[in-house]
Structure formats: structure tokens, C-alpha cells
Amino acid sequence: MSLNLAGLTAYTDENKMPLIRRALLGGKTLSLISVQPDIKSSAAINILSTTPLWQAGACGWNAQGSTVLTQRNITVNKIKKNESICVDDLEAYYTQSMMKAGSYDEALPFEQMYSEELAAQTAKYIETLSWQGDTAGAGTMVLSDGLIKIIDAEGAVVTGTAKLLDAANIIDAVNEMVAAIPVDAIESDDLTLFIGFDKYRVYTQALRDANLYHYSAEDGANFEIFVPGTNVKVVAVGGLNNTGVAGAGRIFLCEASNLFAGTDLLNDAEDFRIFFSEDNDEVRIKQKMKIGFQVAFPERIVSN
């Protein structure tokens, strides 16, 4: 990808107009789920399950019950971004007012703003990839399989509802998802219903219309509410926006800690290099990371 100045005209007097960085919703999913670092290619999620069998007390030893050790592999994929910018090209436009005197300008005049924009775009991309990634798909979402594909491939996942997530049905749909929570998971303290911002708005509007939800100043401030009368938190995440057939919406209910993201270094997604290439006489931007996703207990996940 190279610098595109087609949308600008030659410099007049635009120096008083600051560059405006687009405001983007940062990625939320990775802040909620389990993150497993230090993975170069593939690693195991180690799972221990024990089934104790209680018996009447008496002398002697009667071994019963079982403990099972299993693993589910999480594979990370390498992702990178390369960009180059010829700083000289900026001299003919309003950006010249930001540049230092002389012909040897070797830095982006808007480097801080560019860095903030790149960080925000990266967070948005990983948020979408975490759910919608499909290595058999198309476009930029092919760089890793996301949680939707991984969960849908698991036969043990519980089907919670088949109702449409529209104004007339979404309250019932969410209630059916809650009712389908496996008994083993129902007392967990991190039960989360992951939903796109588009369907979250439909749900909260339906609650208000049904007079089932009374707002205070704090309610929904972070696009999070509890399903009335339950321990299930409804959390809007950008990665589930416009998902499902024709945007009908996908929702998933499980313990947040049951979903995993794997990476090499925890801050890889935030790290990038901006440097001047003497050989090419241009500023170059390099960004590299590793990312992958997995679930630990498919049978404890409820999906629509």
C-alpha cells in the first residue's frame, strides 16, 4: 500500500485545519476473554476434568471416580502490514506547513496522529477477525479462523434459540439462550452473552418498550447490561456486527474465560515500527503480530 494523495489539491492555505483522526470503537473481545501468550506457532490449552464419586464412609479403600487430562490446540497465524510514504510528496500540499526546513526531511510530520490512527485501526481489525475470521473466505478476514467458525464446527455446542433477533422476538430469543445454559455452567460468575452493537440496540429498545428495563445514568454506559433477573451480562462487541445470514445476527452465551485468543507477545498488536529507509528514500511502516482463537469447553457454549 502506498501514499494516496488523489483526494487533495495543491497547497493553498489549509495549514490552520488540523488533521482529524476518525474515532473508532476499539476492540473489546480480547479484553474479556482468556489470552494465552508466548505462542510461536501452536500450543495446547490444557484441560483437567475430574468426576468424584462419593460413597458411604467405612473402613477399607474403594477407589472410584476419574480424572481426565485433555488438550485443545490453539494455532496462531502470522499477520503483517507494510506501508511506505515518500515524505517529499507532502511538500506540495498543506502538510508542508508541518515539515521542517531543508530538503532532508526524513520523518512523517504527522507521526503521532498516524500512530494513533494505526493503533485504532488495528484494534478494530482484530476485533472483527476474532469473530468473523475464516481462512477459507475472502478479503482480509482470511488471515485466521475466528470464533464463529470454530464454534460452529463443534457438535457439542448447545443451540439456544432459532428466533429472529428483531424487535418482536429478541427478548424471547435472549431468554431462550439463558434457559439453555448447561447446568454445570449456570453458577459461573463470568457468563456473558456476546452480541453485536446492532442487535444490542434492538434488545435494549425492546426492553424499554416492554417496560422491563429502567435506565439510570450508569446503565448501558459501556454497552453492557444484565439480562433481568439473571447473572448473565449482555455485552456488545464490534466483531459480531452484521453477522449471520443477511445480517440476521449471531449471539453466543458462555463463560468469557471459555474463549481463548493466542498470541506471541501480549502487546504485539500495539507495536509497530516507523523508520526512514536510506536506500529507498522513504518512510516505512512495519507491523507484525501473531493471533489465533480457540474454545476450551464447546459443550458449555450456547449459540443461536
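## Salt bridges in a predicted model

In this predicted model, Arg284 is partly exposed, with a relative accessibility of 30%. Arg284 forms a salt bridge with Glu282, and the closest N and O atoms of the two lie 2.8 Å apart. Glu282, for its part, counts as buried at 15% relative accessibility, because buried means under 20% relative accessible area.

| Pair | N to O distance | Relative accessible area |
|---|---|---|
| Glu282 and Arg284 | 2.8 Å | Glu282 15%, Arg284 30% |
| Lys290 and Asp264 | 2.9 Å | Lys290 16%, Asp264 11% |
| Lys163 and Glu176 | 2.4 Å | Lys163 32%, Glu176 28% |

The side chains of Lys290 and Asp264 meet in a salt bridge, with 2.9 Å from N to O. This pair links distant parts of the chain, 26 residues apart, since Lys290 belongs to strand β12 (residues 282-295) while Asp264 sits in the loop between β10 (259-263) and β11 (273-277). Lys290 is buried at 16%, and Asp264 likewise counts as buried at 11%.

Lys163 and Glu176 also meet through their side chains in a salt bridge, at 2.4 Å from N to O. Here too the pair links distant parts of the chain, with Lys163 in the loop between β5 (158-159) and α4 (170-179) and Glu176 in helix α4, 13 residues apart. Lys163 is partly exposed at 32% relative accessible area, and Glu176 is partly exposed at 28%.

Finally, salt bridges can also join into a network, as they do in linking Lys28, Glu224 and Lys233.

Technical notes:
Residues numbered from 1 in each chain as written. Predicted model: local features only at pLDDT ≥ 70, side-chain atom pairs only at ≥ 80, totals over all residues. Heavy atoms only, no water. Salt bridge = Lys/Arg side-chain N within 4 Å of Asp/Glu carboxyl O. Helix = DSSP H or I, 4+ residues; strand = E, 2+ residues; numbered from the N terminus. Buried < 20%, exposed > 50% of the residue type's maximum accessible area, 1.4 Å probe, protein only.
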